[in-house]
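Please walk me through the fold of this protein, beginning with the order of its secondary structure and ending with the surroundings of its strands.

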Amino acid sequence: MSTLAKASGALKSVDYEVFGRVQVYVLTLTVLFHYFVNQYTEKEAAKLGVVGWVKNTSQGTVTGQVQGPEDKVNAM
């Protein structure tokens, strides 16, 4: 992080999407994957002190946004 960012308390916002190749006959694994991605994201965000959201999409991916101090968002 730059000295200017540290001094100004710069905030950062990042949009993301998690893709995975999953075959139709393993639908249960897909549901579990989405559950664990969401759970991990929530716990990690709380630990780091960042905020945001995460959701499953109809395309079978997980998308979200994380916001907070630049160094914490980068760690996420």
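Along the sequence, the protein follows the pattern α-β-α-β-β-α. This corresponds to 3 helices and 3 strands, where helices (H or I, at least four residues) and strands (E, at least two) are DSSP runs numbered from the N terminus. The model is predicted: local features need pLDDT of at least 70, side-chain atom pairs count only at pLDDT 80 or more, and totals for chains, interfaces and linings use all residues. Residues are numbered from 1 along each chain as its sequence is written, and side-chain values use heavy atoms, with hydrogens and water left out.

Strand 3 pairs with both other strands under the criterion that DSSP finds at least two bridges between them. Strand 1 (residues 11-18) runs antiparallel to strand 3 and is joined to it by 8 bridges; here Y16 has G64 as its bridge partner. Strand 2 (residues 51-56) is also antiparallel to strand 3, with 6 bridges between the two, and N56 stands opposite V62. In the hairpin of strand 2 and strand 3, 5 residues lie between the strands, and G60 takes a positive phi near 85 degrees.

Why is strand 3 described as largely enclosed by the rest of the structure? Of the 8 residues in strand 3 (residues 62-69), 6 are buried, and the strand is therefore largely enclosed. Buried means under 20% relative accessible area, with exposed over 50% and partly exposed in between (1.4 Å probe, protein chains only). Across the protein, buried residues make up 25% of the 76 residues.

Among contacts (heavy atoms within 4.5 Å) between residues at least 6 apart in sequence, 62% join residues at least 24 apart.
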